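The entries follow in the order in which I looked.

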Amino acid sequence: MRGQTVGGRYRLESVLGRGGMATVWLAEDQLLGRWVALKRGNGETLNEARAAARLSHPGVVRVLDLVADGDRPWIVLEALSGRTLADAIRELGPLPVDRVRRIGLCLLDVLEAVHAAGLVHRDVKPGNVQLCADGRVVLFDFGIALFPGHTAEAPDGFFQGSPAFVSPEQLHGAALEPSTDLFSLGATLYAAVEGRSPFDRGDLFATVLAVSEATPAPFRHAGPLQPVIEGLLRVDPGERWTVTRTREALQAQSLYSGRGRRARA
Ligand SMILES: Nc1ncnc2c1ncn2[C@@H]1O[C@H](COP(=O)(O)OP(=O)(O)OP(=O)(O)O)[C@@H](O)[C@H]1O
């Protein structure tokens, strides 16, 4: 497909990444003379475009256009630099506690904006978080985001989400609140600081069981982040830490470690 022009305007240049459902291309917008990312459509495309388009936040991928070409739509997104958090974990192993704390604070801001817009993302995981070269931490892939008043039911009845990062209530098909994204944030921060998924047990049944009981693999590297992650990984959404509580805890730790650094300097 390289060299193909989509929608009479976007020339496909190279593959930026592949997900379970889609290949994302770097393309040149020949009208405006800039680089963009093009994601070939599937059943989720309209949902994804509409959800992300509701938001204007530096931590949310920008939707630039939606074009029809042949039998499928393509979604045109800002081209993000850097790599996904999943790639960073794969390449570097457990990330430093301070870095994960900063990533956590950025993602809390993003989720606050997502939830304030009435959306639930439902697919927060390291593979959907981009660590950009300019320091931005960006959440993308709003393909299964839930709009207010819509049920979580997949059109074809199949489960939607990534089993190792969804919340217990998402697994059980319960009504979803913003707190479901906070559980997934906890699993994402665990993966970043521990270098492995908290619940992935190699086979689907064991993974699903571990998520339902919210029993993460033992902590080894999280240090002061452990109680915060445990607060996010509460099975009961009513007991789970909120954005505000998590932010306060992470900010208090930043202040403390900042003082520590100054004291040592
Ligand atoms: N705007 C973007 N800029 C740069 N790279 C991107 C962008 N959007 C996606 N990618 C890359 O493409 C890959 C696949 O994208 P995405 O996760 O949206 O596809 P998907 O098939 O919906 O994923 P999933 O496996 O979660 O269903 C990502 O992992 C990322 O590396």
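I first looked up the division of the chain, and found domain 1 (5–78) and domain 2 (83–252), with bounds that come from an automatic or database domain assignment. I note that this is a predicted model, in which local features need pLDDT of at least 70 and side-chain atom pairs count only at pLDDT 80 or more, while totals for chains, interfaces and linings use all residues. I number residues from 1 along each chain as its sequence is written.

I then took the C-alpha centres of domain 1 and domain 2, which lie 24 Å apart. Their contact takes 13 residues from domain 1 and 17 residues from domain 2, where two residues are in contact if their C-beta atoms, placed from the backbone, lie within 7 Å. On the side of domain 1 that touches domain 2, I read 6 nonpolar, 4 polar and 3 charged residues; here Ala, Val, Leu, Ile, Met, Phe, Trp, Tyr, Cys and Pro count as nonpolar, Asp, Glu, Lys and Arg as charged, and the others, Gly among them, as polar.

Next I asked which residues of the shell around the ligand are the closest. They are Gly17, Gly19, Gly20, Met21 and Val24, in a shell of 21 residues, each counted if its C-beta atom, placed from the backbone, lies within 6 Å of the ligand. Strands E2 (10–18), E4 (34–40) and E6 (72–78) are the elements that give two or more residues to this shell, strands being DSSP runs (E, at least two residues) numbered from the N terminus. E2 gives the most, with 3 residues. By class, I read 10 nonpolar, 7 polar and 4 charged residues in the shell. Both domain 1 and domain 2 give residues to the shell, so the ligand lies between them.

I turned to Lys39 in strand E4, where UniProt, in an unreviewed entry, places the feature "binding site"; such annotations may be inferred rather than shown by experiment. Lys39 counts as buried because 25 C-beta neighbours lie inside 10 Å, the cut-offs being 20 or more for buried, 12 or fewer for exposed, and partly exposed in between. Leaving aside neighbours within four places in sequence, Lys39 is in contact with Ala22, Val24, Trp74, Ile75 and Leu77.

Last, I looked up Arg40, also in strand E4, which is partly exposed, with 19 other C-beta atoms within 10 Å. Not counting residues up to four places away in sequence, Arg40 touches Ala22, Thr23, Arg72 and Trp74.

Notes:
Helix = DSSP H or I, 4+ residues; strand = E, 2+ residues; numbered from the N terminus.
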